[in-house]
Amino acid sequence: MLAQEVLESVASIPDPYVRAITYAKVGERLAKAREPAFREAFIRALETAKEVDDPLKMLRALVSVGYMMGRAGIRSYKRIFLQVSEDSALLPAKVRDEVMRSIALSLLRLGEIGEAVTYAVEIKDQRLRQETMVVIVRQVARSIERRPIRVAYSLRKIRLALEYITDEPYRSKALLELMKAFIALKSYENALATVREMGSKEWARQAFKELIYRLKAQGVLENYIGLIEELAGEMVERFGESFTRELATAFALSGKGDVAAELMERLGDEEETVELALELLRRYPRGLPSFIYALEPETSLPVGKAIMNAILERPERGDWGVIKAVVEKTGSEDILAKVARFYVLKGRVEEARKIGSALEDLHLRSVVMADVARHYLKEGDVDKAIDAALEVRDARYTSMLMSEILLKALDAELGGGEVGKTGESSEAKGG
């Protein structure tokens, strides 16, 4: 009884476009619930769609009805799409293209990949046709990643769609999705071959990077270093030296940081070297020490500063092996001041104090010892805070810090509570 009441209520929706789609959605739900009234719902949906005055909106409504019928398991939905395709033939090309795209994507969502390609081919606008084909390739490739079933069929359909994707960057976008599917299937050599087919520099770089990290995640990167090096060499010839960084990343991730550093020094781009180091810090900190040790001194300093700044922003990334390598390679007091700041953040304030006391640069020494003093003050240890403040050699720093300590101590004494917390210094992060 409820189903019939809902159908009668839908009839009161004034807009025929909305009413038709609503009937179709009701029909889909009733069909899944095995309610006989689903047939009447779809009949009403089709009849109402034909009441829409605007020809384009009418066809869109019919596509939506056909899609809902497909979801409900009614095979005649394909006849709806065919009829829409035929009826749209007299529309302007741009309008018809949108209708064909809508049918193609509806079929794709219903799992009818071959027929989705067939309708997509009907799109006259080359850009829109290729964008639609890329969507088809992406969805099919991701379905292989999620559930590797009917693989041969899916790969055939992807190849079919690729035949109609001839322009860049659309072709490279589609090939990237195919590469991911091959990796999910552990078809690694096919994945490398797919990257080789790419004609867009930016998308090839993205694919190369994805390839490296996915092979690393599956624990097989080391087995393919030779082929990756060969592929990178080809990419460098085609697109220029920018692929050197991607190749260096592959070596660093496979535990060959020294080779990676040599490649980056040969590239001679300090900014790229810093970016690679930060990427390794985020994804594979174990690969950083050998990379840092192999850098030239003039390169290791900006790399070390960038790494320590990143660690200070996200202390949980602080890898002691990385920090040790940065300190030993650079020997820079700027770096040591940043390390002291990291020690303070980790609560290892005595180590920070030792570093600060040994610094020769008066400004850096003052920054570190002020940081140490504030940490002691925050912990309520006024005596140690004063001792640390007295080691600050910059008169201005000393005066301001002593004033702050004494006032906080007085406030605590008068208030009978703990010494108030103070803001944490960020000066050690600069430079």
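A residue counts as buried when its relative accessible area is under 20%, as exposed when that area is over 50%, and as partly exposed in between. Keep those cut-offs handy, because arginine 96, with a relative accessible area of 13%, lands on the buried side. What you are looking at is a predicted model.

**Salt bridges**

- Side chains of opposite charge can pair when their charged atoms come close.
- How many salt bridges does the count come to? The total is 30.
- One of them brings together the side chains of arginine 96 and glutamate 122, with 3.8 Å from N to O. This pair links distant parts of the chain, since arginine 96 sits in helix α6 (residues 93-109) while glutamate 122 is in the loop between α7 (113-121) and α8 (126-146), 26 residues apart.
- Another salt bridge pairs glutamate 210 with arginine 214, at 2.9 Å from N to O. Both residues belong to helix α12 (residues 201-217), and because they are 4 residues apart there, about one helical turn separates them.
- Arginine 214 has 26% relative accessibility, so it counts as partly exposed.
- Glutamate 272 and arginine 245 also form a salt bridge, and their closest N and O atoms are 3.2 Å apart. Glutamate 272 is in helix α16 (residues 270-283) and arginine 245 in helix α14 (residues 243-253), so this pair ties together parts that are 27 residues apart in sequence.
- Are glutamate 272 and arginine 245 buried or exposed? Both of these residues are buried.
- Salt bridges can share partners too: Glu28, Arg29, Lys32 and Arg71 are joined into one network that way.

**How α8 packs on α10**

- Helix α8 meets helix α10 (residues 170-184) at an angle of about 10°, and their axes are 9 Å apart. With an angle like that, the two helices are therefore roughly parallel to each other.
- Which residues make the contact? From α8 come Arg127, Gln130, Glu131, Val134, Val137, Arg138, Ala141, Arg142, Ile144 and Glu145. From α10 come Tyr170, Lys173, Ala174, Glu177, Leu178, Lys180, Ala181 and Ala184.
- Sort the residues of this contact by type and you get 9 nonpolar, 1 polar and 8 charged.

**The buried side of α7**

- Helix α7 has these buried residues: Ile113, Gly114, Ala116, Val117, Tyr119 and Ala120.
- What do the buried residues of α7 pack against? Their neighbours are α5 (77-87), α6, α8 and α9 (151-162).

**Threonine 299**

- Look for threonine 299 in helix α18 (residues 297-313). Its relative accessibility is 9%, so threonine 299 counts as buried.
- The side chain of threonine 299 makes a polar contact, at 3.2 Å, with the side chain of glutamate 265.
- If you leave out residues up to four places away in sequence, threonine 299 touches Glu265 and Thr273.

**The loop between α2 and α3**

- Proline 36 is in the loop between α2 (16-32) and α3 (38-49), and at 57% relative accessibility proline 36 counts as exposed.
- Proline 36 and alanine 3 are 33 residues apart along the chain, and their C-alpha atoms are separated by 9.3 Å.
- Arginine 34 lies in that loop between α2 and α3 as well. The phi angle of arginine 34 is near 60°, a positive value in a residue other than glycine.
- Arginine 34 is exposed, with a relative accessible area of 78%.

**The loops on either side of α10**

- Proline 169 is in the loop between α9 and α10. The peptide bond leading from glutamate 168 to proline 169 is cis, with omega near 5°.
- Lysine 186 lies in the loop between α10 and α11 (188-196). Although lysine 186 is not a glycine, its phi is positive, at about 65°.
- Is lysine 186 buried or exposed? Lysine 186 has a relative accessible area of 56%, so this residue is exposed.

How values were computed
Residues are numbered from 1 along each chain as its sequence is written. This is a predicted model: local features need pLDDT of at least 70, side-chain atom pairs count only at pLDDT 80 or more; totals for chains, interfaces and linings use all residues. Side-chain values use heavy atoms; hydrogens and water are left out. A salt bridge is a side-chain nitrogen of Lys or Arg within 4 Å of a carboxyl oxygen of Asp or Glu. Buried means under 20% relative accessible area, exposed over 50%, partly exposed in between (1.4 Å probe, protein chains only). Axes are lines fitted to C-alpha atoms, for helices over the stretch in contact, and angles run from 0 to 180 degrees between N-to-C directions. Angles under 35 degrees count as roughly parallel, over 145 as roughly antiparallel, 65 to 115 as roughly perpendicular and the rest as oblique. Contact means heavy atoms within 4.5 Å. Ala, Val, Leu, Ile, Met, Phe, Trp, Tyr, Cys and Pro count as nonpolar, Asp, Glu, Lys and Arg as charged, and the others, Gly among them, as polar. A polar contact is a pair of N or O atoms within 3.5 Å; within protein, one must be able to donate a hydrogen and the other to accept it, and residues adjacent in sequence count only if both atoms are side-chain atoms.
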